[in-house]
Structures are given as structure tokens and as C-alpha cells.
Amino acid sequence: MSACPREADVLAAEPRLRAMRGSDVPAVLEIERAAYPLPWTEGNFIDSLAAGYSAYVLQAEDGRVLGYCLAMQGFGEVHLLNIAVDPACQGRGLARRMLETLAQLCRDRKCPQLWLEVRVSNQRAREVYLRYGFREVGLRPAYYPVLQGPREDAVLMSLDVMEDGEARP
């Protein structure tokens, strides 16, 4: 995986968020494999695109993919299926930028809530979501597979999106 653009470069030319294309899948897979111990497969991404899910990549000015997110619409809600930022680029507000896009997607589609699951052990992601305004609203026992041992629980989180464009914790 290539290094993240220097912080000054990221700030000078803000990454562009655009719709994910099939040609992005190899770069997305590279980030997915670096970010998760049990990554999605190429087929998972291709199937998500074929199903018409909302899928975005965050692209640097030089064309490198720095992050991605995928979500699907349900009845009165949008459900975040997957989000990741290149580990070399984390801590720069890129995940927040993608969450803002998904919150706007909720407002545009008149869906008052954005939902997600996150591994109980993924404290860093949980803190990002909590800072953004998500609430921990439940637990899904044995939701995630693990490399060895029993499956891991997922924390169910929800963000209420208000009409005035502000997130409500």
C-alpha cells in the first residue's frame, strides 16, 4: 500500500468524494485488507455495487483511494455496511467526511436515522462514531466472525439526523 499524502498535501488539496466504480475495487480491497483482520472479499464489493448500494471512495488529487464507505437504504433508515480509511491516513478527519456524506444522504432520502454495527473490540471506531453523534443503542451477540474462538459481539449504533442538517446524539 502506498503511503498517505503528507498532511500538508491533504490539506492543500482536499480529497474528493465520488461514487465508487468497479475499477476502484482493487484499491478498496487493499485498504480493506490493511484495515480489518477478516476483510470483505472482492465479491462482497462487486455484489454491493451491482445491488445499487450507495458506495463512495475518497480520492486524493493524485488519484489514490484514501478511504471508502458503502451503505444501503432500508425503510426510514440508511445502514452503513462498511467504512475504512487507509491506516496510513487515519486521524485526519477522513472518516468524519464520509460520515457527513452519509448523514446528508439520509436527509436527501428523508431517512431520519443512520445505523451501523461495530465490533465491541474496535474502540477507536466506536470513539469516532460517538464523537460524531452516534448513540450505542444495542448489542448483537456473536455477530462478527473471528480468526479463532467464539464470534465477537457487535455494538449497534444509531445517529438521528435532523431536518436542519445537524446530527442529534
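Buried here means under 20% relative accessible area, exposed over 50%, and partly exposed in between, with a 1.4 Å probe and protein chains only. Strands (E, at least two residues) and helices (H or I, at least four) are DSSP runs numbered from the N terminus.

Before you click on, note that this is a predicted model, where local features need pLDDT of at least 70, side-chain atom pairs count only at pLDDT 80 or more, and totals for chains, interfaces and linings use all residues. Residues are numbered from 1 along each chain as its sequence is written, and side-chain values use heavy atoms, leaving out hydrogens and water.

**Stay with β2**

With 6 of its 6 residues buried, β2 is largely enclosed by the rest of the structure. In a regular strand the side chains alternate between the two faces of the sheet. β1 (residues 16–19) runs antiparallel to β2, joined by 4 bridges, and Leu17 is the residue opposite Leu58. β3 is antiparallel to β2 too, with 6 bridges; look for Tyr68 as the bridge partner of Val57. Between β2 and β3 the hairpin has 5 residues, and Gly63 there takes a positive phi near 100°.

**Into the core**

Next, select Leu80, Leu102, Leu114, Tyr129 and Phe134. In the largest nonpolar core, which has 31 residues, these five touch the most other members. Such a core is a set of buried Ala, Val, Leu, Ile, Met, Phe, Trp, Tyr and Cys residues joined through side-chain atoms within 4.5 Å. Elements that each supply at least two residues include β3 (65–74), β4 (77–85), β5 (113–119) and α5 (123–132). Which helix gives the most to this core? That's α4, with 7 residues.

Zoom in on Leu114. Leaving aside residues up to four places away in sequence, its contacts (heavy atoms within 4.5 Å) include Leu80, Leu102, Phe134 and Met157. Apart from this core lies another one, of 12 residues, among them Val28, Ile31, Val57 and Val65.

**A buried arginine**

Hop to Arg126 in helix α5. Is Arg126 buried or exposed? Its relative accessibility is 12%, so Arg126 counts as buried. Follow the side chain and you'll find the backbone oxygen of Val120 at 2.8 Å. Among the residues Arg126 touches, beyond those up to four places away in sequence, are Glu136, Val155 and Met157.

**Salt bridges to finish**

There are 8 salt bridges in the structure, each a side-chain nitrogen of Lys or Arg within 4 Å of a carboxyl oxygen of Asp or Glu.

- Arg18 and Asp24: the closest N and O atoms are 2.7 Å apart. Asp24 is buried at 6% relative accessible area, and Arg18 is buried at 7%.
- Arg96 and Glu100: the N to O distance is 3.5 Å. Both lie in α4, 4 residues apart, about one turn of the helix. Arg96 is partly exposed at 42%, as is Glu100 at 37%.
- Arg140 and Glu117: here N to O is 2.9 Å. This pair links distant parts of the chain, with Arg140 in β6 (residues 135–144) and Glu117 in β5, 23 residues apart. Arg140 is partly exposed at 32%, whereas Glu117 is buried at 13%.

Definitions and conventions. Two strands pair if DSSP finds at least two bridges between them. A polar contact is a pair of N or O atoms within 3.5 Å; within protein, one must be able to donate a hydrogen and the other to accept it, and residues adjacent in sequence count only if both atoms are side-chain atoms.
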